[in-house]
Amino acid sequence: MLLIPCPWCGDRPHNEFSYTGDATIKRPVDANAPAEDWNAYVFLRDDPKGPHDELWHHVNGCRRFLKVRRDTYTHEILGSAKPHEDITSNEGGAA
Amino acid sequence: MSTQSHRTATGGLVDRTKPINFTFDSQSYQGFQGDSLASALLANGVRLFGRSFKYHRPRGLVSAGSEEPNALMQVGIGAYTEPNLRAPQVELYDGLVAESQNRWPSLSFDVGEINNKMSRLFPAGFYYKTFMWPAKMWMTYEHVIRNAAGLGRSPMEDDPDTYEHHHAHTDVLVVGGGAAGLSAALAAGRSGARVMLVTESPEWGGRLKDGATIDGEPGLQWVQAAIAELSGMDNVTLKVRTMVGCYYDHNMLVMLEKSGDHLTKRDHYTPRQRLWQVRAKRVVIAAGAIERPLVFGNNDKPGVMLMSAVRTYAKRFGAKAGSNAIVFANNDTAYQSALDLKDDGIAIQAIVDPRADGGALTQAAIEAGIEVLTGHVIINAKGGKTVTGAEIMALNADASGVTGEIRIIKGDLICVSGGWTPSVHLHSQAKGKTIFDDALTTFVPGATMQAHVSVGACNGTFVLSAALAEGAKAGAEAASKAGHSGKAGSVPSAEDGPSVTPFPVWDVPLPPHVHLKRFVDLQNDVTADDVALAHRENYLSVEHLKRYTTLGMGTDQGRTSNINGLAIMAQLRGVAIPDVGHTTFRPPFQAISLGAITGPSVGDHFEPIRRTGLHDWHVKNGGKFTTAGLWHRADYYPQAGENKLTASLREAKAVRASVGICDVSSLGKIDVQGPDAAEFINRLYVNGFAKLPVGKARYGVMLREDGHVMDDGTVTRLAENRYVVTTTTANAGPVMTHMEYHSQVVWPELDVHVVSVTEEWSAIAIAGPNSRKLLQKVVTDLDISNEGFAFMAYASCTIAGVIGRMFRISFSGELAFEVAIPADKAVSVWEALMIAGQEYNCIPYGAEALGIMRIEKGHVVGGELNGRTTATDLGFEKMISSKKEFIGRFMLGREGLVAADRMQLVGLKPIDGTSEVPRGAQLVANPQALCPVDMEGEVTSNCISPHVGPIGLGILRQGRDRHGEKIFAHSPVTNQTVEVEICHPHFIDPEGDRVRA
């Protein structure tokens with residue numbers, strides 16, 4: 001079970017969180033953006049192996065969303081941040 | 001009562017002054033305190049422990065630990081019975097009742113043994129080959145096969161035991177209470193780290209209990225001193241009977257503590273088992289190793305045992321597995337045991353060693369008067385229900401065949417040792433790599449991915465002094481990495497034991513034209529020939545081998561068989577063993593009972609119950625409940641002689657005739673505040689909210705980003721920058737998350753805050769033509785006349801003395817109001833409403849009557865808001881604003897979502913006027929048509945209306961253009977077919993005059 005560093009609550013077990021997907025996708029700012037942009041935002045997701053920025057929701061905790069950089073292969077967590085901050089820490093996770 | 005005929009004269013760790021009575025297959029026996037079920041039965045001369053899975057061959061004890069493939073027992077009676085327990089792991093307690101498994105009518109006479117005679121009919125994969133046709137007979141075959149090839153039976157009663165869940169954090173978790181584990185725990189504990197040391201056995205010491213010398217003293221003295229020192233440390237937790245089963249991500253481990261299984265009677269406060277979730281900074285794995293059997297003819301006869309097990313039973317339990325033993329071993333460890341066993345009254349008839357020149361202890365054995373046959377193998381174990389001797393032949397020069405004459409040596413016990421397999425299970429579960437050790441001819445731990453290290457035998461370190469040193473070093477390092485660097489203390493010296501390096505003879509060759517069953521996997525009856533068959537049929541990969549032959553798929557998970565099996569496959573393929581590889585090690589290491597996993601979450605504690613502020617009133621007044629998610633909602637209030645149907649019909653009728661009140665507290669309520677609240681709300685819903693004035697409510701529909709309807713509800717502007725939003729009961733959580741996501745992640749620039757207030761406010765609907773008159777009696781500070789408080793109005797006011805919120809909204813389609821009051825005041829307001837309503841025959845109505853009335857009005861809920869319908873499908877197209885942006889707007893225009901043949905909301909009425917519209921039915925043109933049938937739509941809601949008879953709602957292809965057409969509602973599940981007329985979904989007051997009255 002992952003130990004996720006919540007920027008507000010500290011290290012918490014992952015059963016307090018729900019996974020919300022890719023943190024790097026952005027909603028088109030222009031409502032009349034091309035269909036490709038909307039399609040990419042709503043449906044298209046990469047499945048990368050290795051470090052990946054994800055969005056998690058501390059749903060059974062502070063109910064804040066957070067960004068988590070997780071290695072999808074080793075499950076190592078390389079850092080976390082508030083949704084609009086950059087992940088800088090390289091600490092945390094196991095090993 | 002049988003005597004303990006096979007006890008050693010002295011010795012062992014059992015307490016001979018404390019006899020313990022137990023039964024096995026209804027026969028009474030006596031053992032001693034400290035015995036396992038296996039050792040006590042051995043001491044009583046019992047050889048036959050069970051029948052094999054497939055062939056029903058007689059089987060005896062093989063091992064003394066969790067690797068036991070044969071001696072599976074049904075233990076306990078009635079609700080307490082548990083199947084498939086390994087006899088070596090069952091601690092003896094007074095009154096224990098054990099039964100053998102997989103035999104009928106009795107263990108010694110088993111009808112199923114016929115399978116052995118017909119074994120040519122049951123090769124590997126016989127399931128797939130023999131019982132393929134005809135397909136419909138499979139259910140019959142399966143029933144018979146499952147009965148014949150069985151394990152134990154589970155109890156039919158509810159589990160009367162209690163279980164606990166525990167969580168723990170520690171710096172260092174040491175798995176295993178043997179030499180290496182104790183050494184690691186001592187070093188880590190002395191360094192000041194928080195240490196948890198666990199062993200699955202009831203006592204400490206691991207194999208040191210079978211005899212060893214440390215610092216010139218018996219090994220057990222060192223164990224006792226170590227435990228005494230560890231017990232004195234506040235930073236150390238010791239746990240016996242605790243099996244570490246699972247190694248998950250981020251060093252989270254799950255362990256099962258068998259806190260009560262060994263007790264005759266557990267008191268109320270002792271749980272049977274505890275499930276631990278441990279988060280450890282570092283883990284030291286000292287899980288030991290398992291001896292491998294050798295594969296030769298009839299090597300499954302009762303009396304063929306692992307050498308180390310024979311030693312354990314003699315040294316630890318004082319139980320003799322036999323009197324005259326023949327040793328068959330390819331390494332030195334068995335020699336040492338053979339020499340040591342002479343003191344225990346087990347005579348060694350011969351040592352058969354496939355190594356041409358024997359080993360380091362061969363000379364010592366010969367000097368001790370033991371006949372040693374080097375370069376020889378046992379090709380066949382003689383005997384029926386017990387071993388009576390061994391057939392021995394010489395190996396040829398390259399060990400590929402046997403030569404010379406068969407020699408028979410008599411004996412009642414064959415002790416085998418084929419080398420040792422480190423227990424790399426936890427290491428592998430933690431995604432550690434394994435590497436093949438050519439000397440040990442097995443896999444040992446390689447690179448790790450998590451914070452753990454393997455020490456001692458499980459790391460391939462079998463020499464005692466080296467294991468002690470490795471443990472101490474790992475313990476100190478783990479403590480240091482966890483931030484503790486105290487003095488780790490000294491490491492004891494020890495006598496180095498015999499070498500474990502084996503000479504591999506994976507399957508003993510047989511003379512030409514001799515066919516004997518040579519078992520690789522005893523539990524699943526997989527023979528060397530089955531592996532060869534898999535090879536012939538091209539199931540070459542280890543994963544295919546496993547699934548085709550069932551090798552390693554028993555409850556022992558192939559502890560004793562996997563290496564032998566994959567080595568035989570490697571031989572057949574002509575490749576090295578690591579090129580065959582091994583299957584994946586998955587948690588748990590041993591079975592964890594469902595009771596322990598469930599823990600205290602049983603019965604009423606299975607899941608939380610959400611009760612409204614009015615729950616107790618409903619109970620007191622005869623309300624019957626229904627569940628909506630975790631909520632318990634009052635469903636109906638039956639009067640004498642009424643059932644659910646008649647009560648809810650009466651309630652719905654009474655509301656439309658006069659007035660009723662309903663607890664609608666479970667609807668989600670979300671408070672939205674902030675300078676940008678208006679903009680936020682406007683972006684969430686398809687309809688415009690920018691111009692909603694303070695003091696007004698509006699019905700709204702929200703979409704998911706993909707254009708489908710997510711939920712509906714009302715939005716009320718309480719103040720300039722404050723709204724309260726209602727959601728359906730089911731979607732309260734998802735809508736809350738949806739709002740949080742958009743406010744926190746997508747539009748952080750909007751200054752808005754959302755909070756769920758569902759539980760803070762109780763909500764009561766007052767509905768019916770007399771609802772205003774009723775309310776006017778209890779509301780004194782607000783004009784609620786139609787002029788003063790129009791449809792969709794909102795105001796704060798005092799209701800029966802309680803300050804609350806008044807909404808003029810209606811779900812029932814009648815003139816109606818909804819009041820929201822703080823949850824703790826709900827009962828007083830409700831009771832005041834009931835009293836004020838007496839003159840209008842006011843009744844409480846439940847969720848069922850509410851449901852009837854909303855179907856009569858064509859209001860949509862979960863069945864229609866099924867995640868696949870659009871606003872237009874449901875008839876909300878006029879609400880969709882073209883003047884603003886909102887979530888889902890872009891995707892709403894997708895081709896598929898605006899297609900002409902979309903399914904749309906319709907009403908359904910039976911043609912005969914009396915048949916119910918079948919629940920969940922499919923709408924089809926021809927119910928007699930053969931499959932596949934064109935499904936034009938489905939029934940999403942149905943009820944019997946007291947006003948218009950049986951009706952339903954459905955979604956139907958192009959339904960809105962088909963009013964007046966007929967179609968069939970066909971339910972294969974309930975075998976009902978009803979012809980229905982497609983109609984407008986509003987059955988009552990389609991113009992909506994009543995709500996505005």
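Two residues are in contact here if their C-beta atoms, placed from the backbone, lie within 7 Å. The model on screen is a predicted one.

**Between the chains**

Show chains A and B together and select the residues at their interface. By that criterion, 21 residues of chain A are in contact with 21 residues of chain B. On the chain A side, helix H1 (35–42) and strand S4 (51–57) each supply at least two of the residues that touch chain B. Colour that side of chain A by residue class: twelve of its residues are nonpolar, six are polar and three are charged.

**Chain B as a whole**

The chain has 24 helices and 50 strands. Along the principal axes, its C-alpha atoms fill a box of roughly 115 × 70 × 55 Å. Chain B has 997 residues, of which 52% count as buried. Of its contacts with a separation of 6 or more, 67% are between residues 24 or more positions apart.

**A hairpin in chain B**

Select residues 72–75 of chain B, which make up strand S5, and residues 82–86, which make up strand S6. The two strands pair in the antiparallel sense, over three bridges. Zoom in on Val75(B), which stands opposite Glu82(B) in S6(B). S5(B) and S6(B) form a hairpin, and six residues lie between the two strands. In the turn, pick Gly76(B), which has a positive phi of about 90 degrees.

**Two cis peptide bonds**

Then move to Pro932(B), in the loop between strand S46 (922–924) and strand S47 (937–945) of chain B. Cys931(B) and Pro932(B) are joined by a cis peptide bond, with omega about -5 degrees.

Asp989(B) is not a glycine, yet its phi is positive, at about 50 degrees. How many other C-beta atoms lie within 10 Å of Asp989(B)? There are 16, so Asp989(B) counts as partly exposed.

For the last stop, bring chain A back and select His75(A), in the loop between strand S5 (65–71) and strand S6 (77–81) of chain A. His75(A) is not a glycine either, and has a positive phi of about 65 degrees. Why does His75(A) count as partly exposed? A residue is buried if 20 or more other C-beta atoms lie within 10 Å of its own, and exposed if 12 or fewer do. His75(A) has 19 such atoms within 10 Å, and is therefore partly exposed.

Definitions and conventions: Residues numbered from 1 in each chain as written. Chains lettered and ligands numbered in written order. Predicted model: local features only at pLDDT ≥ 70, side-chain atom pairs only at ≥ 80, totals over all residues. Pairing = 2+ DSSP bridges. Helix = DSSP H or I, 4+ residues; strand = E, 2+ residues; numbered from the N terminus. Nonpolar A, V, L, I, M, F, W, Y, C, P; charged D, E, K, R; others polar.
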